[in-house]
There are 2 protein chains.
Amino acid sequence: MKGINGREKFIAVSIDLFLEKGFNGTAMQDIANQLGLQAPTLYNYVKSKQGLLQELLFEMVEKFEKGMADIVESSYTPLEKLKAIIAMNVRLTAQHPHQVGLLVNEWKHLESPHLEVFQESRTHYESMFAAVIRQGMETGELRQMDLDFMTHSVLSSIRWLFQWYRPREEEINPIELERQMIEFVLQGVAV
Amino acid sequence: MKGINGREKFIAVSIDLFLEKGFNGTAMQDIANQLGLQAPTLYNYVKSKQGLLQELLFEMVEKFEKGMADIVESSYTPLEKLKAIIAMNVRLTAQHPHQVGLLVNEWKHLESPHLEVFQESRTHYESMFAAVIRQGMETGELRQMDLDFMTHSVLSSIRWLFQWYRPREEEINPIELERQMIEFVLQGVAV
DNA sequence: TGCACTCACTAACGATTATTAGCAATAATA
DNA sequence: TATTATTGCTAATAATCGTTAGTGAGTGCA
């Protein structure tokens with residue numbers, strides 16, 4: 001292959017196409033075309049299309065799991081933990097925007113048993129998130145609100161971030177983005 | 001067909017399966033199976049699978065467009081308009097949760113030229129939304145913040161709502177949900 | 001030099017899938 | 001009752017797609 005590391009180019013193109021046209025909407029031939037290769041050649045790099053998806057998704061799953069665990073185990077207050085989780089999300093999204101997009105949009109195309117493993121991991125992540133929020137309500141740092149509702153609202157607020165990195169050519173300052181996101185989630189849009 | 005109106009059952013099953021397994025992951029045979037029919041029979045109800053997707057999506061597109069236009073044309077203040085837009089989203093999502101889910105997840109599988117029409121409609125919707133927010137900043141009702149960032153954050157905050165209606169069997173009070181969503185977006189989660 | 005590994009190819013298979021054609025039974029309607 | 005529309009079927013087609021098999025050129029290394 002042309003590039004220094006052929007497999008990395010292959011992975012990058014796969015992520016892009018899966019994100020743009022969806023997992024089922026992308027043929028192995030589409031990926032190969034963009035690399036100037038034939039479809040069967042790709043099986044030198046990966047066992048199957050499904051295995052490729054698993055690799056792409058669970059690589060990010062582990063990063064989010066580790067990021068969350070480190071924060072939860074820390075001695076921060078709940079509010080500080082919430083800020084740290086938001087910052088962790090911004091950072092991971094800034095580093096891997098396309099792959100985070102895949103995680104958000106294409107997880108449902110995982111096959112058993114990987115689909116169930118993914119769903120359990122996500123449930124666990126959300127319950128860790130919810131625990132932090134519940135503790136914040138108990139200490140009085142966070143507003144009293146339906147726990148599930150607040151959990152999903154905050155998660156959804158930061159989930160779109162990967163789109164922020166797509167059309168922009170200018171460099172984005174992740175620290176400033178993190179500050180804005182924390183301001184939005186904590187203070188809302190009203191003065 | 002069994003039910004009173006066969007086509008309505010067909011539409012409902014299609015929405016459910018497209019949402020669960022994705023547009024490309026759902027075969028016409030899958031839909032037919034769930035109805036106790038054969039795949040070719042479905043072509044009595046619809047011209048093509050792609051035409052079915054278009055019908056399902058643009059029906060919701062029109063509802064959101066009309067809802068937005070009515071609010072923008074009103075004489076509400078910007079802050080009141082923002083609240084009304086959130087309320088409109090909650091109401092449409094409460095009425096058609098699965099179809100709203102489709103709108104969020106499956107639009108990318110529209111074919112030209114419908115894909116472009118959809119994207120232009122969404123861009124227009126977002127620009128109306130952004131205009132309301134910008135006016136709110138000008139009148140001082142809303143916090144000074146990057147306009148694009150706030151627009152996407154608020155939109156994303158309310159986009160997940162269709163998931164709220166999936167696993168729940170209890171009836172949800174849309175008025176209370178609307179109140180909570182407005183509180184979250186305007187005030188955030190901090191005390 | 002000889003050996004093994006990497007990475008590319010072509011050919012082909014088997015499965016899936018959207019869709020059309022043609023036909024029959026039933027329901028609605030004139 | 002005669003006719004027309006609705007709603008279902010089976011059979012078949014044409015295209016797409018993931019994947020395997022088998023091969024060979026080049027590269028690194030013993």
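Trainee: Where does B:Pro113 lie in chain B?

Mentor: First, this is a predicted model, in which local features need pLDDT of at least 70, side-chain atom pairs count only at pLDDT 80 or more, and totals for chains, interfaces and linings use all residues. Residues are numbered from 1 along each chain as its sequence is written, while chains are lettered from A and ligands numbered from 1 in the order in which they are written. Helices (H or I, at least four residues) and strands (E, at least two) are DSSP runs, numbered from the N terminus. With those names, B:Pro113 is placed in the loop between α5 (97-105) and α6 of chain B.

Trainee: Is the peptide bond that joins B:Ser112 and B:Pro113 cis or trans?

Mentor: Look at omega for this bond, which is about 0 degrees. The peptide bond between B:Ser112 and B:Pro113 is cis.

Trainee: How are the axes of α6(B) and α7(B) placed, roughly parallel or roughly perpendicular?

Mentor: Axes are lines fitted to C-alpha atoms, for helices over the stretch in contact, with angles from 0 to 180 degrees between N-to-C directions. The axes of α6 (residues 114-139) of chain B and α7(B) come within 10 Å and cross at roughly 115 degrees. Therefore α6(B) relative to α7(B) is roughly perpendicular. The classes are under 35 degrees for roughly parallel, over 145 for roughly antiparallel, the rest oblique, and 65 to 115 for roughly perpendicular.

Trainee: How many residues of chain A are in contact with chain B?

Mentor: Two residues are in contact if their C-beta atoms, placed from the backbone, lie within 7 Å. Chain B brings 29 residues to this contact, and the number from chain A is 30.

Trainee: Which helix gives the most to the side of chain B that touches chain A?

Mentor: Two helices of chain B, α7 (147-159) and α9 (174-187), each supply at least two residues of that side. The helix that gives the most, with eight residues, is α7(B).

Trainee: What rotation superposes chain B on chain A?

Mentor: Copies are superposed by least squares on the C-alpha atoms of residues with pLDDT of at least 70 in both. Here the shift along the axis is 0.0 Å, the RMSD is 0.0 Å, and the rotation is 180 degrees. The two copies are thus related as by a two-fold rotation axis, and the angle you asked for is 180 degrees.

Trainee: Which residue of chain B comes closest to the rotation axis?

Mentor: Take the C-alpha distance to the axis, which is 1.9 Å for this residue. The residue of chain B that comes closest is B:Gly188.
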